[in-house]
Amino acid sequence: MTLPGGEISSRPLHFFWIVDCSGSMVGDKIQTVNNALDETIPEMIKIAGENAKAHLFVRALKFSSGAEWVVKDPTPVDQFKWIPLDADGVTDMGAAFELLSEELKMPPMPSRALPPVLVLISDGQPTDDYKCGLRSIFNEPWGKKAVRIAIAIGDADVDTLKEFIADPEIPVLEARNPQALTRFIKWVSTAVVEKSINPPSKLPGEKGHSGIQISNDPILEKSDPETKSSTEIDVW
Amino acid sequence: MNQLFEKGQKINSPVGLEYEILDFLGSGGQGEVYLVKSENKQYALKWYFFKQASQEQKIALEKLVEIGSPNNCFLWPIELVYSKDNQGFGYIMGLRDKKYKSINDLMKRKIEPTFYHLISACYNLVDSFYELHSKGLCYRDISFGNVFFDPKNGEVLICDNDNVTVNNSNGFISVLGTPSFMAPEIVRGEAFPNRNTDLYSLSVLLFYLLFISHPLEGKRESNIHCMDTRAMNRLYGEDPVFIYDPNNLSNRPEPGIHENAIIFWRIYPKYLKDLFIRAFTKGLNDPNNGRVREIEWRDGLILLRDSIIYCNNCDAENFGDITNINNEKKCWQCQNSLEYPTILQFSSSNFIFLNSKSNIFQHHLDHSFKFDKVIGTMNKHPSKNLWGIKNESSRNWTVQKSDNTQVKIEPNQTVSLKNDLKIDFGEIWGEIKSQL
């Protein structure tokens, strides 16, 4: 070593995929999710490489009849592997929220970190008491401070997802076809991570905002023309 | 896939050149970057997403193309291009050679430059921003992602120049910058980016490079649990405090967390630290008059590079501090006491600590900032254990001995180092001092 010292001081960014594996996700939907989540890994590694002050750790949780961790331990992104999920059962979103809230306690969360990113992907209505689980998340300081994003597949209960996000400036990302789902997943894994590390600031005269802007994001501009103009809803 | 262009597609420039898409290189918030070729030469194309391809952006780019790059350290827009297959526009620029590494790589300690080359990189960055500002431009978005350097020689490359604008033109803003680099008045939303805010960001960049740490991240940073937007606004904008503010101890670096700041602060000479103290005390809240100017950084960095001394025991680079000579310094690597070597003191009051690798540049003689011309090197006698300064210039030097006789040193001749020897280089004198 020609220079003294070591790496620059950094903070962990804990990223959570929360995936609905209920029976209605069988087929196209779960396959699209599996492929898209697998494809996010190289992009996330690249972003992590470009941000020396953030260490990206990824975890994954699935829920259908009950909930369980797919990857429970915070895994450095360059070691994270996506294990394809199967779909079967009901939609116990509340159970997923409870499990998540346990991991947002301090410990195991450190006292010094970047805002965690929680990404909920669901196609349906919760079949358990999701409000209770949601309260558990918001009871935790890290749960309140987390960036919460929701991707709704097809006819998901948008109101529930809005309650999860709990931020009027962040809309639910409604994926009405596989391409949109893939795009949203990609955007969450890159732009949202980037913005958690380097939040945008306000222009002189502008009011403050939550830091995560979605309406200006180019990804929504690239929506398929049929989706934008048609009144039809795509059905899987 | 959803890329805007496919391989083989053609793009056209208004002057009639045609570029062919070879490969997709990546995308960012504003657009996508492709590898293209034209007439057997390869370039990079940045194509804006349609929403970003505004008239204001186009006019700003045209202005940059017209003004031209301040020096050869910028990856500058060469020309605007259009396509019949996609609406909007893009621009052509050169490619970034793989030898240039990002600041991130230094922060993660994936590259290990010497202090000499690290300081050279700092100097080259300052000099380039000086040239940019001299053209009436301001950079606006200095950050880790757009500054690169070659750790082997300190050459730099500054990228993402499409955000460069004419200073104080507040009309069109597409980016404000990265929070930890932004001047406090910008974080607070009180100002638009301009040359004074560039000076602030430049001092942050220099601090990052020389201390591998941030100037405002000490105890106040480690006391923050969740580093979100509000926390960053307070730390960098509303209540910024330098970690080594002589009058405010509340933000000292925390051992175990901000180790680099602690370690490097012990190593550098006082005059360098004084520049950073000013940059992050007066400079925090006085954008017009409090910030350290590029010409001050330039002089400080050259002096810093000329103060490098090698530990006699382990050969690590340390720094001599001519303003603090009574402080006995120890080598940072092996803790041996540092022996101060011979100094060449110029009549201009600049000096060089002489070691086997020292170079005397044209700049040392005339303050011209010309470093491409080496006019003196250190040379060992072929048979005796004796070092001297070799005349690498094309003119004679005159040396005055202690008995006042004069000796001519012709080009390629070497004069041995002897205490109190005076060398007349032509433009100025230098005196050898083997003891302080």
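Reader: Which side chain meets that of A:Glu103 in a salt bridge?

Author: This is a predicted model. In it, A:Glu103 sits in helix H2 (residues 93–103) of chain A, and its partner sits in strand E2 (residues 54–64) of chain A. The two are 44 residues apart, so the pair links distant parts of the chain. The N to O distance is 2.8 Å, and the partner is A:Arg59.

Reader: Are A:Glu103 and A:Arg59 buried or exposed?

Author: The cut-off for buried is under 20% relative accessible area. Both A:Glu103 and A:Arg59 are buried.

Reader: How many salt bridges does the structure hold over all chains?

Author: Side chains of opposite charge can pair when their charged atoms come close. Over all chains, the number of salt bridges is 28.

Reader: Why does B:Lys58 count as buried, and what does B:Glu62 count as?

Author: Buried requires under 20% relative accessible area, and exposed requires over 50%. B:Lys58 has 19% relative accessibility, so it counts as buried. B:Glu62 has 37%, and therefore counts as partly exposed.

Reader: Which residue forms a salt bridge with B:Glu427?

Author: The closest N and O atoms of this pair are 3.5 Å apart, and the partner of B:Glu427 is B:Arg395. The pair links distant parts of the chain, with B:Glu427 in the loop between strand E22 (422–424) and strand E23 (429–433) of chain B. The other loop, between strand E18 (387–391) and strand E19 (397–400) of chain B, holds B:Arg395.

Reader: What do B:Glu427 and B:Arg395 count as by accessibility?

Author: B:Glu427 has a relative accessibility of 35%. For B:Arg395 the relative accessible area is 42%. With these values, B:Glu427 is partly exposed, and B:Arg395 is partly exposed.

Reader: Which residue in the turn between E1(B) and E2(B) has a positive phi?

Author: Strand E1 (residues 10–12) and strand E2 (residues 18–27) of chain B pair in the antiparallel sense over three bridges. They form a hairpin with five residues between them. The phi is about 100 degrees, and the residue is B:Gly16.

Reader: What is the bridge partner of B:Asp23 in E3(B)?

Author: E2(B) pairs with strand E3 (residues 31–38) of chain B in the antiparallel sense over six bridges. This hairpin has three residues between its strands. The partner of B:Asp23 is B:Leu35.

Notes. Residues are numbered from 1 along each chain as its sequence is written. Chains are lettered from A and ligands numbered from 1 in the order in which they are written. This is a predicted model: local features need pLDDT of at least 70, side-chain atom pairs count only at pLDDT 80 or more; totals for chains, interfaces and linings use all residues. Side-chain values use heavy atoms; hydrogens and water are left out. A salt bridge is a side-chain nitrogen of Lys or Arg within 4 Å of a carboxyl oxygen of Asp or Glu. Helices (H or I, at least four residues) and strands (E, at least two) are DSSP runs, numbered from the N terminus. Buried means under 20% relative accessible area, exposed over 50%, partly exposed in between (1.4 Å probe, protein chains only). Two strands pair if DSSP finds at least two bridges between them.
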